[in-house]
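Subject: Structure handover

Hello,

Here is the structure I promised to pass on. My notes follow below it.

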Amino acid sequence: MKPEERHLFIEACFRRPVERTPVWMMRQAGRYLPEYRAIREKYDFITMYKTPELVAEVTLQPVHRLQVDAAILFSDILVIPEAMGMALEFRERQGPVLLEPIRQVGQIPSLKPVEPETDLNFVLEGIRLVRRELEGRVPLIGFSGAPWTLATYMIEGGASRNFGHIKRWRFGQPDALHQLLERISDAVVAYCRAQIAAGAQAIQLFDSWAGILDAAGFEAFALRYVRKIIQEIRTPGVPIIYFARGVGAWLPRLATCGADVVGLDWQVDLRTARQILGPRMALQGNLDPTALYAPPPVIRQLVREMLKRYGAGSGHVANLGHGILPDVPVEHARAFIEAVKTESPVFHNTSETERLP
Ligand code: CP3
């Protein structure tokens, strides 16, 4: 069989049998890698993700160095607000800032519909380059921010302590917020479809700020839009992953999101999550990213415990519960990847797993 015909990562996403658990890391294309920092010394972050050759190079760095089982495109979720016409600046030590956040309902009509082939061609070209260079070794994950998380950035403008602006909309003018979320959803659908057409083999929707909502708000302002997007971008053979951070209290609700895979943060117990979500979807995660500060033997033990919490059988994609931190030693990241590869086969071998607790 040619390598591109069967990928462990894709198989596990669809809960088909695999010989071991596949593994990759959120933010694997980033600052903990010296080769990333070397490029970053020469270019600012925005120039990097707008240059397809650099996108391809950085995307492949963790594949070459750590042999992860999937590549994730080097880009950012804020390309959508930018394509909708919002000015974006990257500030060292602070991160991305939208210079004129949306604070009035009247600003919504000035947001442009997104045409990925023109507005975001640097992403699509990056995808085509990566696919060519990967030659089918591992699949490429494309991604987008989910509407709620993008709206949070667009209204707050950047990092926020209390999310006072968007919360004011959520409780005080929900109709305006829905109007904004509709527009963002249209952009996300067009963007994800274009990524798949360009060669993305899986799509992850990042809802990093879902956890600031209340239960009813999570349903009305986050899940409702995610469900619709997933229906509209669904493509045979292309798994869709929904990563929502801080939503452990709403697992039964999460089961209705329609994704093939749910990404979980480290506060969720994998065994409980599997009982609730397992019959319908695969699970991705969820080692605490700060666990990678521990020495490699401890990392190995923590990985063993994570794999055991999920238990026997397919349907698990090992990952961190959020992005890898910039000051984690590369050797610790390697220990994480290696531990999943060497410790997980026992959970997929039927004669052995019969003896598991
Ligand atoms: O996972 C990957 O390696 C792919 C690339 C990727 C980046 N950002 C690169 C990046 C992905 C998937 C993202 C998603 C993203 N971006 C999210 C959702 C996931 C999450 O972490 O919650 C969010 C909220 C953003 C917005 C963003 N981008 C912030 C808040 C920051 C600053 C904080 C930080 O981590 O530096 C960024 C910058 C960013 N995005 C960097 C990278 C490699 C660092 C840029 C640099 O200084 O070199």
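Trp148 is buried, at a relative accessible area of 0%. Keep in mind that this is a predicted model. Phe221 is buried too, with 4% relative accessibility.

These residues belong to the aromatic pairs, of which a search of the whole structure finds 10. The ring centres of Trp148 and Phe221 are 6.4 Å apart. Their planes meet at 50 degrees. That falls between the limits of 30 and 60 degrees, so the pair counts as tilted. Trp148 sits in helix α8, residues 147-156. Phe221 sits in helix α11, residues 215-233. The pair therefore ties together parts that lie 73 residues apart in sequence.

Helix α11 also carries Phe218, which pairs with Trp250 in the loop between β6 (240-244) and α12 (251-254). This contact therefore joins parts 32 residues apart in sequence. What are the centre distance and plane angle of the Phe218 and Trp250 rings? The centres are 4.9 Å apart, and the planes are at 25 degrees. Planes under 30 degrees apart count as stacked, so this pair is stacked. Both Phe218 and Trp250 are buried.

There is also a cluster. Ring pairs link Tyr36, Phe45, Tyr49, Phe74, Phe90 and Phe122.

Now the chain as a whole. It has 16 helices and 9 strands.

Burial is next. Of the 357 residues, 58% are buried. The accessible surface comes to about 14700 Å². Carbon and sulfur atoms hold 50% of that surface.

Last, the charges. The chain has 42 positive side chains and 40 negative ones. The centres of the two sets lie 4 Å apart.

Best wishes

Technical notes: Residues numbered from 1 in each chain as written. Predicted model: local features only at pLDDT ≥ 70, side-chain atom pairs only at ≥ 80, totals over all residues. Heavy atoms only, no water. Helix = DSSP H or I, 4+ residues; strand = E, 2+ residues; numbered from the N terminus. Buried < 20%, exposed > 50% of the residue type's maximum accessible area, 1.4 Å probe, protein only. Areas by Shrake-Rupley, 256 points an atom, 1.4 Å probe, with all protein chains shown as cover. Lys, Arg positive; Asp, Glu negative; His and termini not counted. Charge placed at Lys NZ, Arg CZ, Asp CG, Glu CD. Phe/Tyr/Trp six-rings, centres within 6.5 Å; stacked < 30°, edge-to-face > 60°.
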